[in-house]
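Please look over the sequence and the structure below.

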Amino acid sequence: MKKMKSSAGNVRNTNNDLMHEILVKIFLCLNVVDVAVASLVCKSWNKASREPSLWNKIDLSTLGSYCFRKPLNKIEAYRHSSLKMTQFLKHVLDLSNGSTTCLIFNFYVYLTNEQFILVAQGTPKLKRVVLPETGDFSRGVVETVMSLWSCLESITITSGVSGYYTLLAIGKYCNNITEMKFSQGCYFEEKHAVAMAKHTPKLKILSIRTVATSVKALFCVLRFLEHLEKVNICHSLIMDTAYPGTVFVDIRELRRRFPASSVEKLLYCERGSCLRCINGRDTTPSRQPDGPYEDIWGEDEITSLAHLPQPS
Ligand SMILES: [Zn+2]
């Protein structure tokens, strides 16, 4: 009798294990919000939703407007932060239990200083982060967040944070940065390049695509970061600050000024070959579409720095 009971118990356990495994496989196909909702259904679903393999990567970038209402403009985005967002982040961080190594924010999410710290506290093993596009984080908060992300290896800096303060904080707390990207909307200036030479000496990959930068900043990066292997400058506006006014420099000019070993490290667009470059230099308001901005944010010619599917 005892044996029968034990055998029935074993079958039940096997069934439970099988159910758990199937649930985890299904949850792996869902987005973060769906898994968070599924975790509230019952005990067994909640247990499955806590499986660490579901939380290696938290990708909020693919969520549609049903999750984050698209703001009409950037100013409206600033009003988006809410109690609901804090509750959502707390719940997701509780499920992930600190196992996340890659975190990608949504383009439209607006985080407060408190929410930014909350996220950093819940992701102590983070190696790669794509910061939110909108935000207004104080210098102290950027420093606190970076102190909590000491394992960080790859970061995408957006116009939502001060690139310069972030670099200073990285210099203090994150000694393993090998990949960095400044996304569209940022200016990559000489002071950033100098700070990088000091604070991210192990940097191998840099993307400053679709940003405004200068010959001096580029020179500084190529000259002083000795481990640098690739610099993506596709679609960027490279200004020559040696001249009064704005003079754009193209790859032919960079070839003339930089040593061949430096030019070899550059990923660039040939003059006139790219519609994005042509439109980017056209300042007519009607040629400045808002639409593709979100896509541009997720693209990169360097695969490890892209986080949206690449156009074929
Ligand atoms: Zn281009």
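Arg256 is exposed in this predicted model, because its relative accessible area of 63% lies over the 50% cut-off. Its salt-bridge partner is Glu253, with N and O 2.7 Å apart. Glu253 is buried, at 19% relative accessible area.

**The salt-bridge network**

- Arg256 and Glu253 both lie in helix 11, 3 residues apart, so about one helical turn separates them.
- Arg257 forms a salt bridge with Asp240, at 2.4 Å from N to O.
- Arg257 belongs to helix 11 (residues 251–257), while Asp240 sits in the loop between strand 12 (237–239) and that helix, so the bridge ties together parts 17 residues apart in sequence.
- Arg257 is partly exposed, with a relative accessible area of 33%.
- Asp240 is buried, at 3% relative accessibility.
- Asp240, Glu253, Arg256 and Arg257 are linked in a network of salt bridges.

- The structure holds 9 salt bridges.
- One of them joins Lys172 and Glu143, whose closest N and O atoms are 2.9 Å apart.
- Lys172 is in helix 8 (residues 163–173) and Glu143 is in helix 7 (residues 139–148), so this pair ties together parts 29 residues apart in sequence.
- Lys172 is exposed, with 54% relative accessible area.
- Glu143 is partly exposed, at 24% relative accessibility.
- Side chains of opposite charge can pair when their charged atoms come close.

**Aromatic rings**

- The structure holds 5 aromatic pairs.
- Phe27 and Trp45 form an edge-to-face pair, with 5.8 Å between centres and 70 degrees between planes.
- Phe27 lies in helix 1 (residues 2–28) and Trp45 in helix 3 (residues 43–49), so this pair links distant parts of the chain, 18 residues apart.
- Phe27 is buried, at 3% relative accessible area.
- Trp45 is partly exposed, at 32% relative accessibility.
- Phe219 and Phe258 make a tilted pair, because their planes meet at 50 degrees, with centres 5.9 Å apart.
- Phe219 is in helix 10 (residues 215–224), and Phe258 is in the loop between helix 11 and helix 12 (260–263), 39 residues apart.
- Phe219 is partly exposed, with a relative accessible area of 39%.
- Phe258 is buried, at 6% relative accessible area.
- Phe116, Phe137 and Trp149 form one aromatic cluster.
- The charged end of Lys191 sits over the ring of Tyr164, 5.1 Å from the ring centre.

**A buried serine**

- Ser207 is in strand 9 (residues 205–207).
- Ser207 is buried, with 0% relative accessibility.
- The side chains of Ser207 and Asp300 are joined by a polar contact of 2.6 Å.
- Beyond its neighbours within four places in sequence, Ser207 contacts residues including Met180, Phe182, Asn232 and Leu305.

**The whole chain**

- The chain has 14 helices and 13 strands.
- Of its 312 residues, 47% are buried.
- Among contacts with a separation of 6 or more, 74% join residues 24 or more positions apart.
- The chain exposes about 16,500 Å², and carbon and sulfur atoms supply 55% of that area.

Definitions and conventions
Residues numbered from 1 in each chain as written. Predicted model: local features only at pLDDT ≥ 70, side-chain atom pairs only at ≥ 80, totals over all residues. Heavy atoms only, no water. Helix = DSSP H or I, 4+ residues; strand = E, 2+ residues; numbered from the N terminus. Buried < 20%, exposed > 50% of the residue type's maximum accessible area, 1.4 Å probe, protein only. Contact = heavy atoms within 4.5 Å. Areas by Shrake-Rupley, 256 points an atom, 1.4 Å probe, with all protein chains shown as cover. Salt bridge = Lys/Arg side-chain N within 4 Å of Asp/Glu carboxyl O. Polar contact = N/O pair within 3.5 Å; in protein donor to acceptor, adjacent residues only side chain to side chain. Phe/Tyr/Trp six-rings, centres within 6.5 Å; stacked < 30°, edge-to-face > 60°. Lys NZ or Arg CZ within 6 Å of the ring centre and 35° of its normal.
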